[in-house]
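Today I am opening my notebook to look up pairs of charged side chains. Here is the structure I had on my screen.

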Amino acid sequence: MIIRKGTENDMPAVLGLIKELAVLEKEPDAVVITKEDLVRDGFGTQPLFHTFVAELGNQIIGMALFYYRFSTWKGKTIHLEDLIVTEKMRGTGAGMALYSEIIKEGEKENVRRIEWNVLDWNTPAIKFYEKSGAKVLSDWRVVHMDEQGINDFLKNNLPISDSNRVIG
């Protein structure tokens with residue numbers, strides 16, 4: 001097994017893994033991103049994300065997708081968006097190898113925190129992360145606004161003029 005940085009040519013396989021993760025997380029119809037989106041957003045002049053892939057016999061069996069963030073308390077951080085190994089290859093060490101590569105990337109880039117989300121029902125993942133030394137925070141809630149929420153907010157809360165914009 002080889003762990004390496006993902007390339008544009010890997011994006012069809014990465015998209016397949018993203019879709020597999022959506023099924024695992026009980027959201028099979030939630031993925032709207034395309035291979036073209038992944039290539040554009042991950043390999044342009046200012047990439048929005050990076051990937052590591054696990055490859056076995058010229059086949060991608062897992063991936064970790066991450067991006068850099070900035071914390072007002074900690075400075076540069078990494079957000080691990082997804083770590084997935086195809087179902088038939090779970091238990092082979094591919095997940096640990098990808099996880100380790102993210103940790104090494106954090107050290108290499110001098111980040112002060114690596115963060116990610118885990119669903120509260122995913123007990124095996126929670127136990128794995130805790131055993132590795134990660135802290136699973138129970139007092140923080142993930143907040144997001146979907147596309148419809150963005151549109152509704154803008155429709156109902158547009159400022160009268162830029163001079164009336166609230167900052168903060």
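Which residue forms a salt bridge with E115, and how far apart are the closest N and O atoms?

**Entry 1.** I noted to myself that this is a predicted model. I found that the partner of E115 is R113, with 2.7 Å between the closest N and O atoms. I then looked up how open each one is: E115 is buried at 16% relative accessible area, while R113 is partly exposed at 33%. I also wrote down a network, in which salt bridges with shared partners link R4, D10 and E55.

**Entry 2.** Next I turned to helix α2, which covers residues 35-43. There I saw D37 paired with R40 in a salt bridge, the closest N and O atoms lying 3.3 Å apart. The two are three residues apart in the helix, so about one helical turn separates them. D37 counts as buried because its relative accessibility, 19%, is under 20%. R40, at 52%, is exposed.

**Entry 3.** Then I moved on to helix α3, residues 94-108. What does K108 form a salt bridge with? I found E105, with the closest N and O atoms 3.6 Å apart. Here too I noted a spacing of three residues, or about one helical turn. K108 is exposed at 52% relative accessibility, whereas E105 is buried at 8%.

**Entry 4.** Why look for such pairs at all? I reminded myself that side chains of opposite charge can pair when their charged atoms come close. Last, I looked up the count for this model: eleven salt bridges.

Note on methods. Residues are numbered from 1 along each chain as its sequence is written. This is a predicted model: local features need pLDDT of at least 70, side-chain atom pairs count only at pLDDT 80 or more; totals for chains, interfaces and linings use all residues. Side-chain values use heavy atoms; hydrogens and water are left out. A salt bridge is a side-chain nitrogen of Lys or Arg within 4 Å of a carboxyl oxygen of Asp or Glu. Helices (H or I, at least four residues) and strands (E, at least two) are DSSP runs, numbered from the N terminus. Buried means under 20% relative accessible area, exposed over 50%, partly exposed in between (1.4 Å probe, protein chains only).
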